Amino acid sequence: MSSSGLSPELLKKAQDELNEDPNTRQQKLDELREMFKRRPDIKFRTDDAFLLRYLRVRKFNVERAFKTLVHYYEVRNEYKDMFTDLTPSAVRQQLEDQVHLILPGRDSKGRQIVILRPGNWNPKSYSMIPLFKAGLMYMEVMCEDEETQINGITMIGDYSGMTKEHIKHINPLNVRKMMDTLQNAMPIRLKEIHYINQPKFFDVIFSIFRPFLSEKLVKRLHFHGDEYGTLHEYIGSALLPSEYGGVLQNVTNQEWIDKLLSKEDEIIENNKYGFPKSVDTLGGQKGGVDPAGGLVGSFKKLDV
């Protein structure tokens, strides 16, 4: 796997923060592939580009990267409501509603900036499940970018327009599945989350999510209300749309919508990996010890 396209600064950051060594990178990839023999019940993707995402997110600890990759396939098998018919075309309406807005620039630390706007979601039209599917596929595509793998993602949650009708569709079971997937199965470095325009009943929403957040992620949360000045201390106004006190005009997510729709065949192909369709239990077992390290039936909080 060549990373010759990375700038010297990015290579140094990967070395300093992720323990990445260009001289041993291929060896680590080979060690990870060798571990697949522990789980003959899983059909793993084996290409370097895909596996490198997991080594990076677990700082080149091969054992932890393997556990995370196994869990990636476990959640896809167990949470069928969230992973059945996982294609861009199946969530076209949710994409067009632009609940997710991926900004064109990166923050001062090179992170991709993603704005979530649940107020754009009409809960009378559909549940939060297809929204999660859309967000998950966006994450998959963002993770293809090595700069994002190394620098991570900054998220902004804009709660303007949210009503109590939305809360009726946010239940702990679905939130648990979502947070388990995002924190423990996806090769993403979620470095900051900023909340803005929180409604008076935000505490009710947050109380549903809080039990499923790792302590490390909790330390990365920032609450701004409608004070964009404090948000700008983290994300410069030159990077933000005008509605957040920024300078960008008429920002839409159309470019990313088109990009995701163009990857329909790739995503369908990726969906073919994992457990055979007849395997129904998390980890492919009825019980006992999971060869990957005890993740069966659990929602173990790994570092992100």
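**Aromatic pairs and charges over rings**

Phe-44 and Tyr-73 are both buried, a term used for residues under 20% relative accessible area, with exposed meaning over 50% and partly exposed anything in between (1.4 Å probe, protein chains only). The model is a predicted one, in which local features need pLDDT of at least 70 and side-chain atom pairs count only at pLDDT 80 or more, while totals for chains, interfaces and linings use all residues. Residues are numbered from 1 along each chain as its sequence is written, and side-chain values use heavy atoms, leaving out hydrogens and water.

A search of the whole structure gives 18 aromatic pairs. Rings of Phe, Tyr and Trp (its six-membered ring) pair if their centres lie within 6.5 Å; planes under 30 degrees apart are stacked, those over 60 edge-to-face and the rest tilted. The ring centres of Phe-44 and Tyr-73 are 5.7 Å apart with planes at 80°, so this pair is edge-to-face. Phe-44 sits in the loop between α2 (25-35) and α3 (48-57) and Tyr-73 in helix α4 (residues 62-78), so the pair ties together parts 29 residues apart in sequence. Helices (H or I, at least four residues) and strands (E, at least two) are DSSP runs, numbered from the N terminus. Both residues also belong to one aromatic cluster, formed by Phe-36, Phe-44, Phe-50, Tyr-54, Phe-66, Tyr-72 and Tyr-73.

Turning to charges, the charged end of Lys-259 lies over the ring of Trp-256, 4.5 Å from its centre; the criterion is NZ of Lys or CZ of Arg within 6 Å of the ring centre and within 35 degrees of the ring normal. Lys-43 is placed over the face of Tyr-273, at 5.1 Å from the ring centre.
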